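Student: Could you show me how to read a protein and DNA model, one feature at a time?
Tutor: Gladly; let us look at it together.

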2 protein chains.
Amino acid sequence: MTDIFFDNHNLNDEKVFLKSTELLYFAYRDYIAWPDEVLKKYNFGRAHHRVIFFVNQNPGISVAELLALLNITKQSLSRVLSTLLDKRFISQKIGTRDRRKRLLNLTAKGEKLLFDVSECQKLQMVKACSEAGSVATEGFWKVLSKLINEKNKKDTINLTYK
Amino acid sequence: MTDIFFDNHNLNDEKVFLKSTELLYFAYRDYIAWPDEVLKKYNFGRAHHRVIFFVNQNPGISVAELLALLNITKQSLSRVLSTLLDKRFISQKIGTRDRRKRLLNLTAKGEKLLFDVSECQKLQMVKACSEAGSVATEGFWKVLSKLINEKNKKDTINLTYK
DNA sequence: AAAATATGTCAGTCATGTTGACATATAATA
DNA sequence: TATTATATGTCAACATGACTGACATATTTT
């Protein structure tokens, strides 16, 4: 593909849109589906996976910050988080500066679960990126970053990657 | 990023995995959420959007092919497809070679809906890809392609892009 | 002392996926 | 031709993970 494709030709805009949308849909679906079997053993769903993934990415995150990160309601988070807390996959620590806050961390048990659930995904992603090469991987990240709403970037990427 | 990152260093594997997973999650979420407001006006959801998108990508697709493409059950598709048929966003034509088959196409009304729903997404994707550049966009497609299960590629990418 | 904030919970709803069972029309095969 | 297989559609029940709205408690800020 040459740079002429980005010269305001609507046909190429259409191709970029259709091809990207299709690939993004299938890739996301096939990537996200992997951990399901492992999760089923624990009687957990994808929502539990997301929570332990992001708590691991942001140790000591508060409930409100996690809500902003995931962009879901308190009531929706409550169900999965309560279970993860009850079953000791996540620990809560009362904030020292602000005792209203509950700071979340994975327990050893939670880390083990995340490791098990991540195994296949990690293989799949590392394989895809290494086969595609480092230039392609940088491009992959670049386009994905630009797809994220600026408004959400504040709550998200700042916490881990710039 | 240099090629040394793909030399079997587990720390870099970990980075590739975590960064890619996080970016893919946020990008997909922020990309897919866009059409919701438009869809709400029609009283449709994301499932309806997917159906009209893929019927448009594969004109004359049969129900069984659409099921294989979307990887969902007949019963799940039935609800949304019935509505789209009832309200004349999609037309059914009995197959000529095999009269059991129902070949699906968008009606003019369906094309109008898809256009309205696509408007924001198209802007968002074209903006992201053109800002990232053609090399990055190629890399984006390359990694996404490699994330798709080989088994699914038969049902999917073959139909539109190789 | 009053207002705002962080968290948690109860109750109900919705969208979209799943299984399992069964019916009908048509095509392919023995 | 009779039987079997395929393509489609539909009924019922259920699971997951979102949502809204209301309300309670503890703590911090004003």
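Student: How do the residues of the surface near DNA strand D divide into nonpolar, polar and charged?

Tutor: First, the ground rules. This is a predicted model, where local features need pLDDT of at least 70, side-chain atom pairs count only at pLDDT 80 or more, and totals for chains, interfaces and linings use all residues. Residues are numbered from 1 along each chain as its sequence is written, chains are lettered from A and ligands numbered from 1 in the order in which they are written, and side-chain values use heavy atoms, with hydrogens and water left out. Now the classes: Ala, Val, Leu, Ile, Met, Phe, Trp, Tyr, Cys and Pro count as nonpolar, Asp, Glu, Lys and Arg as charged, and the others, Gly among them, as polar. The surface near DNA strand D has 4 nonpolar, 11 polar and 10 charged residues.

Student: Which residues come nearest to DNA strand D?

Tutor: A residue is near a strand if one of its heavy atoms lies within 4 Å of it. There are 25 such residues around DNA strand D, and A:R46, A:R50, B:K74, B:Q92 and B:R100 come nearest.

Student: Which part of DNA strand D does the side chain of A:Q75 approach?

Tutor: Here we look for a polar contact, a pair of N or O atoms within 3.5 Å; within protein, one must be able to donate a hydrogen and the other to accept it, and residues adjacent in sequence count only if both atoms are side-chain atoms. A:Q75 places a polar side-chain atom 3.0 Å from a base oxygen of DNA strand D.

Student: What are the closest residues around DNA strand C?

Tutor: They are A:K74, A:Q92, B:R46, B:R50 and B:R79, out of 25 that surround DNA strand C. Sugar and phosphate make up 55% of the atoms of DNA strand C within 4 Å of the protein. A side-chain N or O atom of A:Q92 is 2.5 Å from a phosphate oxygen of DNA strand C, and a polar side-chain atom of B:R79 is 2.6 Å from a base nitrogen.

Student: How are chain A and chain B related?

Tutor: In general, two copies of a chain are related by a rotation about an axis and a shift along it. Copies are superposed by least squares on the C-alpha atoms of residues with pLDDT of at least 70 in both. Here, a rotation of 180° with 0.0 Å of shift along its axis places chain A on chain B, with an RMSD of 0.0 Å. That is the relation of a two-fold axis. In chain A, the C-alpha of A:F140 is nearest the axis, 1.9 Å from it.

Student: At what angle do helix α7 of chain A and helix α1 of chain B pack?

Tutor: Helices (H or I, at least four residues) and strands (E, at least two) are DSSP runs, numbered from the N terminus. Axes are lines fitted to C-alpha atoms, for helices over the stretch in contact (heavy atoms within 4.5 Å), and angles run from 0 to 180 degrees between N-to-C directions. Helix α7 (residues 134-147) of chain A and helix α1 (residues 10-33) of chain B pack at about 35°, their axes 8 Å apart. Their contact has 9 nonpolar, 2 polar and 3 charged residues.
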